[in-house]
Amino acid sequence: MVFLFYLLSTIAIFGAIMVVVSKSPINSVIYLIICFLAFAGHYILLNAQFLAVVHIIVYTGAIMVLFLFVIMLLNLNKQNEPHKKIYVKLIAVISGGLLFLVLIASAKGAEKLTPAITFDGSIGLVGNLGKVLFNEFLLPFEVSSILFLSAMIGVVMLGKKDIKKF
Amino acid sequence: MGKISSAIQLIPLEHYIWLSLALFSIGMAGVLFRRNTIIILMCIELMLNSVNLLLAAFSAYRSDSAGQVFVFFIMVVAAAEVAIGLSILVMMKKNVNSVDIDLLNKLKD
């Protein structure tokens, strides 16, 4: 079980690094899908079965396919993309590492947290999640539908006509 | 089921925190690292997902399902963001015939 956690973590971090450094966008999408499948494995390990299924359906099934579709539609799979200068890349890596250090330092003290004493293995099942979603979180649920509606209107407006030059 | 739920007791919480923070930092470094807009969008997805993983880990540790409901709302926001972002990308490709983020610097000055 612990071995599975470290295996999935290694796959996720490897996929994430390859997303950033791989040359062609198609390869980046494939590595991001691998990374997301590792995430789904983590969710299953955490007893969040419904979350794992939704994650695979939404991310791997919808969002990444949308990315692939746009890449193929716009024929973006060329490898002669201009790269940033080397010192900008170096600064990017250094600032990422510094952010990691700061976040690690701010998360110190988390080892004092202990798992809940009354462990409930059924919180990730669909029945329990549905009860919580439609009782405590009903208003945010309805508001998210408005968010989707406005996103849809925005996409239709953006894709309608070529708005004059930037 | 009994075997799987023991994983939460076996793996310390800070390992999940470190994993999520590492993935978040990789995503942020990727946003600064690349010029291709589609890869920048992917890195933003990666950052949102690392936060999702951390929320799910806390929810499992405290046996509280509110964290998993929050993950759904983050997924909603991510889906809307991807739809808008990709349509902006299509419009950018149509207008300036490139997906280089450095060409869109008119707001800078």
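**Reading the packing between and within chains**

Analyst: We can begin with the contact between the chains, keeping in mind that this is a predicted model. Chain B contributes 70 residues to the contact and chain A contributes 73 residues.

User: Which elements give two or more residues to the side of chain B that touches chain A?

Analyst: They are α1 (2-10), α2 (13-33), α3 (37-62) and α4 (66-96) of chain B, and the largest share, 22 residues, comes from α4(B). Sorted by class, that side of chain B holds 48 nonpolar, 13 polar and nine charged residues.

User: How should I read the largest nonpolar core, and how many residues does it have?

Analyst: As a general idea, nonpolar side chains in soluble globular proteins tend to be buried together. In this model the largest nonpolar core has 62 residues, and those with the most contacts inside it are C35(A), L46(B), A56(B) and A57(B). Two or more residues come from each of α1 (2-21), α2 (25-45) and α3 (49-74) of chain A, and from each of α2, α3 and α4 of chain B; α3(B) gives the most, with 16 residues.

User: Which residues is C35(A) in contact with, leaving aside its neighbours within four places in sequence?

Analyst: With those neighbours set aside, C35(A) touches A12(A), G15(A), A16(A) and V19(A) in chain A, together with L46(B) from chain B.

User: Now the helix pairs: at what angle do the axes of α6(A) and α4(B) cross?

Analyst: A pair of packed helices is described by the angle between their axes and the distance between the axes. The axes of α6 (residues 138-160) of chain A and α4(B) cross at roughly 5° and come within 9 Å. Angles under 35 degrees count as roughly parallel, and α6(A) and α4(B) are therefore roughly parallel to each other. Among the residues that meet are L147(A), F148(A) and A151(A) of α6(A), and F73(B), A80(B) and I84(B) of α4(B); the contact has 14 nonpolar, four polar and no charged residues.

User: And how does the packing of α2(B) and α3(B) read, in angle and in the distance between their axes?

Analyst: Here the angle is about 165°, with the axes 8 Å apart. Angles over 145 degrees count as roughly antiparallel, so α2(B) and α3(B) are roughly antiparallel to each other, and α2(B) passes α3(B) in a left-handed crossing. The residues that meet include Y16(B), F24(B) and M28(B) from α2(B), and C43(B), L46(B) and A57(B) from α3(B). By class, this contact divides into 18 nonpolar, four polar and no charged residues.

Key:
Residues are numbered from 1 along each chain as its sequence is written. Chains are lettered from A and ligands numbered from 1 in the order in which they are written. This is a predicted model: local features need pLDDT of at least 70, side-chain atom pairs count only at pLDDT 80 or more; totals for chains, interfaces and linings use all residues. Two residues are in contact if their C-beta atoms, placed from the backbone, lie within 7 Å. Helices (H or I, at least four residues) and strands (E, at least two) are DSSP runs, numbered from the N terminus. Ala, Val, Leu, Ile, Met, Phe, Trp, Tyr, Cys and Pro count as nonpolar, Asp, Glu, Lys and Arg as charged, and the others, Gly among them, as polar. A nonpolar core is a set of buried Ala, Val, Leu, Ile, Met, Phe, Trp, Tyr and Cys residues joined through C-beta atoms within 7 Å. A residue is buried if 20 or more other C-beta atoms lie within 10 Å of its own, exposed if 12 or fewer, and partly exposed in between; C-beta atoms are placed from the backbone. Axes are lines fitted to C-alpha atoms, for helices over the stretch in contact, and angles run from 0 to 180 degrees between N-to-C directions. Angles under 35 degrees count as roughly parallel, over 145 as roughly antiparallel, 65 to 115 as roughly perpendicular and the rest as oblique. A crossing is left-handed if the near helix is turned anticlockwise from the far one by less than a right angle, and right-handed if clockwise.
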